[in-house]
Amino acid sequence: MKAVTISKTGGPEVLELKEISLDKPGPDEVLIEHVAIGLNYIDIYHRSGLYPVNLPSGIGAEASGIIKEIGSNVKDFKVEDRISYAGIPLGAYSTHRIYPIKNLVKVPNNIELDIARSEERRVGKECRSRW
């Protein structure tokens, strides 16, 4: 598993690709294998320090993928569900990540995950209720 992190602010040169290991998901979390990630201008603000983040930090706030493990309290999602999310905590620039279920939406099989990733922010909560 890999993730892009920053340990100091600056230009693109501060982005570091690192091997990571992840713990099991907490009670209200899932492990996601990313298929598509969102690249957004706010990521530059985080990286540059214009919008401060605690360092070291992951980067990126949007992605879609497939659930690989679920926490003990997770009832509305299951392993192999296709999902999309937008929001903190940062860390979407990764192959896998642990993420809280409160910002997840299921993606129907007839929608490609890269399309779901690009559309979720635009349609927001409407997506969550319709999907």
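**Pocket and surface**

Mentor: The largest pocket has a volume of about 180 Å³. This is a predicted model, in which local features need pLDDT of at least 70, side-chain atom pairs count only at pLDDT 80 or more, and totals for chains, interfaces and linings use all residues. Residues are numbered from 1 along each chain as its sequence is written, and side-chain values use heavy atoms, with hydrogens and water left out.

Trainee: Which strand gives the most to the lining of the largest pocket?

Mentor: A pocket here is an open set of points on a 1 Å grid over the protein atoms alone, where a 1.4 Å probe fits, with protein on both sides within 12 Å along at least five of seven lines; lining residues have an atom within 4 Å of a point. The lining includes Ala3, Thr5, His96, Arg97 and Ile98. Two elements give two or more residues to it, strand 1 (2-6) and strand 7 (96-100); strands are DSSP runs of E, at least two residues, and helices runs of H or I, at least four, numbered from the N terminus. With 3 residues, the one that gives the most is strand 7.

Trainee: Is Ile42 buried, partly exposed or exposed?

Mentor: Ile42 is located in helix 1 (residues 41-48). Buried means under 20% relative accessible area and exposed over 50%, with partly exposed in between (1.4 Å probe, protein chains only). Because its relative accessibility is 34%, Ile42 counts as partly exposed.

Trainee: What share of the 131 residues in the protein chain is buried?

Mentor: The chain has 3 helices and 8 strands. Of its 131 residues, the buried share is 43%.

Note on methods:
Grid points are joined across faces, edges and corners, and a volume is the space filled by probe spheres set on the points.
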